[in-house]
Amino acid sequence: MDLYPEPAGTKIADAVNFSAMLGGSAANIAAGLSRLGCRASLMTALSDDPVGRFCANRMTALGIGQELVARSGPGLRTSLALSETRLEDHETLIYRNGAADFDLPLHLAESMDLAGVKALVVTGTALAREPSRSVVIKAMERARGAGVDVVLDLDYRPYSWSSIEEASAVYRSTARMCQIVVGNDLEFSVMYGEAQPNPSLARTLLREGVGLCIYKMGQDGAFSFDGRQELRTGIYPVTALKPVGAGDAFMASFLAAHYCGADLHDSIARGSAAAAIVVSRKGCADAMPALEDVTGFMAQQTMTAARMD
């Protein structure tokens with residue numbers, strides 16, 4: 001559950017009113033896919049309380065399937081994030097003590113209906129703790145066995161992991177199970193235990209069997225590697241309201257285009273356009289653009305030229 005101080009620009013400490021929305025990276029991606037016309041379901045666990053029911057209601061409103069949503073055990077709570085709609089001195093505060101979404105039951109992975117499924121999208125946070133990690137890895141194994149692509153969004157959140165060394169080891173082992181791996185320079189550095197960002201880290205995954213790696217560099221765009229080409233792309237510059245939500249919007253729009261047959265450049269461009277749209281709107285899940293929003297934005301805006309160093 002995300003809470004945003006109102007009106008935009010208000011600090012959390014000064015707020016009197018908040019807007020409540022569905023939150024969490026995986027839910028945001030699912031909302032983005034649904035808004036773009038794809039069928040998306042979320043595998044998670046919600047607390048059996050009013051906050052959990054709020055999230056379930058918002059999932060229904062956003063068109064997200066809930067056949068893989070479980071209820072967590074007693075004492076666990078759906079996480080809460082407070083996030084400011086401002087760039088200067090931005091603060092986001094996240095409460096994840098006893099997080100319900102780590103309490104995934106094994107039957108969720110075992111009961112997945114993979115018929116007609118294009119991809120299983122895994123966020124790094126789902127790998128950070130048990131029992132979620134084992135359940136997600138089981139789901140990844142089942143997807144691979146069924147010929148379904150596994151997509152990993154590294155999504156490194158330090159507070160979710162017991163150590164950076166554990167994150168590195170888990171990322172390395174699970175990334176090899178994936179067809180697509182997406183992350184930023186910090187996340188690839190964490191995975192390989194490197195102090196300095198280096199796009200060549202993404203190339204390493206190709207040698208380990210991954211089909212496509214997207215190495216995001218914020219305002220500098222992205223490098224993409226698929227074994228046949230190395231593609232450098234820019235961004236769509238916008239006046240942003242906030243610094244959060246771009247990665248989830250990118251992933252949703254990229255995947256929607258990719259699995260509808262778009263080439264790599266167009267898929268990346270559509271992901272970048274969605275990211276630009278979302279940072280210029282309030283909220284994350286509720287800010288995800290429809291297909292016509294992305295297409296119209298791209299027709300009116302120009303992506304920055306790729307800089308080759």
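Pro-131 sits in the loop between strand S7 (119–123) and helix H4 (132–145). Helices (H or I, at least four residues) and strands (E, at least two) are DSSP runs, numbered from the N terminus. The model is predicted: local features need pLDDT of at least 70, side-chain atom pairs count only at pLDDT 80 or more, and totals for chains, interfaces and linings use all residues. Residues are numbered from 1 along each chain as its sequence is written, and side-chain values use heavy atoms, with hydrogens and water left out.

**Cis peptide bonds**

The bond from Glu-130 to Pro-131 is cis. The bond from Glu-6 to Pro-7 is cis as well. Pro-7 lies in the loop between strand S1 (2–6) and strand S2 (17–21).

| Cis bond | Omega |
|---|---|
| Glu-6 to Pro-7 | near -5° |
| Glu-130 to Pro-131 | near 5° |

S7, H4 and S8 form a right-handed β-α-β unit. Right-handed means that, with the strands pointing away from the viewer, the path from the first strand over the helix to the second runs clockwise. S7 and S8 run parallel and are joined by five bridges; strands pair if DSSP finds at least two bridges between them. Val-121 stands opposite Val-151 in S8.

**Positive phi**

Asp-155 counts as buried because its relative accessibility is 6%; buried means under 20% relative accessible area, exposed over 50%, partly exposed in between (1.4 Å probe, protein chains only).

Asp-89 also is not a glycine, yet has a positive phi of about 55°. Asp-89 is in the loop between strand S5 (80–83) and strand S6 (92–95).
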